[in-house]
Amino acid sequence: MSKDNQILEDLNSKEYEHGWSVNFETDEAPLGLNEDIIRWISTKKEEPSWLLEWRLKAFKIWQGMTEPTWANVKYLKMDLQALRYYSAPKQSKKPKNINEVDPELIAIYERLGISLHEQKRLQGIAIDVVLDSVSVATTFKETLGKLGIVFCSFSEAVKEHPELIQKYLGSVIPMTDNYYAALNAAVFSDGSFCYIPKGVRCPMELSTYFRINAANTGQFERTLIVADDSSYVSYLEGCTAPQRDENQLHAAVVEIYAGAHAEVKYSTVQNWFPGDKEGKGGIYNFVTKRGICAGDHSKISWTQVETGSAITWKYPSCILKGDYSIGEFYSVAVTNNYQQADTGTKMIHIGKNTKSRIVSKGISAGKSQNSYRGQVQVMKRAHNARNFSQCDSLLMGNQCGAHTFPYIDIANPSAKVEHEATTSKIGEDQIFYCNQRGIATEDAVALIVNGYAKEVLNQLPMEFAVEAQKLLALTLEGSVG
Amino acid sequence: MLSIKNLHASIEGTPILRGINLEVKAGEVHAIMGPNGSGKSTLASVLAGREEYEVTEGEVFFQGKELLSLSPEDRAREGVFLAFQYPIEIPGVSTTNFLRTALNQVREYRGQEPLDAVKFLSLMKEKMALVEIDQKLLSRSLNEGFSGGEKKRNEIFQMAMLNPVLSILDETDSGLDIDALRIVSNGVNKLKSDTTATIVVTHYQRLLDYIVPDFVHVLYKGRIVKSGKKELALELEEKGYDWIKEEVDSTATV
């Protein structure tokens, strides 16, 4: 018993590592949300009129919607009129390449351990960085350009590849989809765009790094990935934010399109500021992510390691439209202190012989609440659809909660759907066993948790996997006596 | 090497050990025997530092250090090894990964450099032969889905890797068939040296045919009530524990 108390007292003795912010001049929209603000953003970004129309339509739709309340999370509603919907670091002119980017901005990313200098990036990862509302730099553009791969900020894509944007924007997640997706469609400011042409295998990992810096600012980025027939791309997303007392909103949209025989791997390591140990502050992470396996034999694989955010509301999903298409979802969600996560996936089987696999590993510590919510839907035409789901929960201490909400909806009798679930506690026995072999308690917890999450961590690209392992250990540091 | 003086310990207020005295010197093998519930496993757990047990009286010196004031991990790093009666499962963590973490933490404590992958693997190969353990087993999740024999063999393998000064084997013979018993005992015997000592906790004499003790102690009601040479174990095998119980209970003045 005394050990349990000790556990709770020691909880989260480690402070959030990325909790600093930088003061530099910014270009900001006035506070609040209305049609004028949307026009302001659109003008600022020199957008074509079709995009402004699209935004205004989304705004009208959003006005008629209400905030969803079905998720297993409790929070004070955010006053959306008190937020700022656009904030950009002031630069005298738009940088043409990395050498023209404000050194102060580059310094921010160096501090996060992300080098924007191509020659310094040995790993061969092309990266697009988004600070508050705008993309500040994209690396390796030329190398990729030779293969016909487009990898740039969303704003740039609107200007340079309007035909692609018009064709795919909102095609996977319509603006009517949900409250936050509609809000994002109305006010999104930037994000990343990626197009892989037919038959091209992208030779490097593409990566976007998001950071919220300004106060009272929502980040509404949009990512669109289009993998044409028989192409392949692996995409990474990372995020951090400064430590602030008030809550900040992050309502992103990620759309993925995969043509016939195309494969897209999307990995996220989410480390937004989770709030302090009293539950004050932190990011509201209300994100809509969905991919469509449009062509036959296509594959979309989501891998996420969620350690940050005060509240997470996120269900990266796959629409398996093409015959023989495959959808995968691998997730580790860690919550500590007062964090709340309601996350999972939807696998919609439409095509014949479609397969999906769900592996979800929840880890709850402190007074946190961690829910898995998943839907497996097999439509009438989807002959021989197969799904395997595994949802495991690991509890640390006795004041946290783990919940599982699986929905299974089958309209075709040939479907094979399996669901496995387990709940376990990190045992004092396990820790003592490690101790008896000379392993300190903190390291024992890291070892046990990483072992538990191994199946998911194995899905991450090497460099990310190491980072994710450290992040898991860090998030849970001090949570066992 | 190990000196236990008047050790009392209890769990949730119930006294289990009521004044243990024991001296173990380098090079010796001591067997602790006794009927069920006499406190054998408790003694092993208290020496290893399990927190559920509260030491209420007495002291323990290990190589001159006050053992009871050390954390469980520091006891291990000082060279105390406990082969568990029921080894614990750790899903997703291979024996190899587990031992590499353990060995390097022990080495760090002793001011040694961590072993690189090549040296670690060659050390593994060398020790694997000692307990006739299969490489495949070592890359599986630690103890998960292992048979009783595999678990015990794995414990002795860990012992070989960590090279302890004092090894405590807690009912290592339970759940072993005769072949596994022979392999495990051979491993223990090969690891014995003039500078190390072994405490074998067991209910049956069977194990002591293989690991021959220098001294046998009978634990009953939390005290060592009889000590002798290895012949005592044979006598116990023949006559059971009842005669000792009677002897103790009749002389006990309450």
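Visitor: Before anything else, within what distance do ring centres have to lie to pair?
Guide: Rings of Phe, Tyr and Trp, the last taken by its six-membered ring, pair if their centres lie within 6.5 Å, and please keep in mind that this is a predicted model.

Visitor: OK, so how many aromatic pairs are there over all chains?
Guide: By that rule, the count over all chains comes to 22 aromatic pairs.

Visitor: How are the rings of A:Trp70 and A:Tyr315 placed?
Guide: Their centres are 5.7 Å apart and their planes stand at 45°, so this pair is tilted. The pair links distant parts of the chain, 245 residues apart, with A:Trp70 in the loop between α3 and β2 of chain A and A:Tyr315 in the loop between β15 and β16 of chain A.

Visitor: And is A:Tyr315 buried or exposed?
Guide: A:Tyr315 counts as buried, because its relative accessibility is 10%, whereas A:Trp70, at 47%, counts as partly exposed.

Visitor: What about A:Phe286 and A:Trp313?
Guide: They form an edge-to-face pair, with 6.3 Å from centre to centre and 80° between the planes. A:Phe286 is buried at 2% relative accessible area, and A:Trp313 is buried as well, at 6%.

Visitor: Switching topic, how many residues has the largest nonpolar core?
Guide: The largest nonpolar core has 109 residues, and among those with the most contacts inside it are A:Ile363, B:Leu47 and B:Phe98. A second, separate core of 50 residues includes A:Ala58 and A:Cys152.

Visitor: Which residue lies over the face of A:Tyr232?
Guide: That is A:Arg201, at 4.1 Å from the ring centre, while A:Arg373 lies over the face of A:Phe405, at 4.5 Å from the ring centre.

Key
Residues numbered from 1 in each chain as written. Chains lettered and ligands numbered in written order. Predicted model: local features only at pLDDT ≥ 70, side-chain atom pairs only at ≥ 80, totals over all residues. Heavy atoms only, no water. Core = buried A, V, L, I, M, F, W, Y, C linked by side-chain atoms within 4.5 Å. Buried < 20%, exposed > 50% of the residue type's maximum accessible area, 1.4 Å probe, protein only. Phe/Tyr/Trp six-rings, centres within 6.5 Å; stacked < 30°, edge-to-face > 60°. Helix = DSSP H or I, 4+ residues; strand = E, 2+ residues; numbered from the N terminus. Lys NZ or Arg CZ within 6 Å of the ring centre and 35° of its normal.
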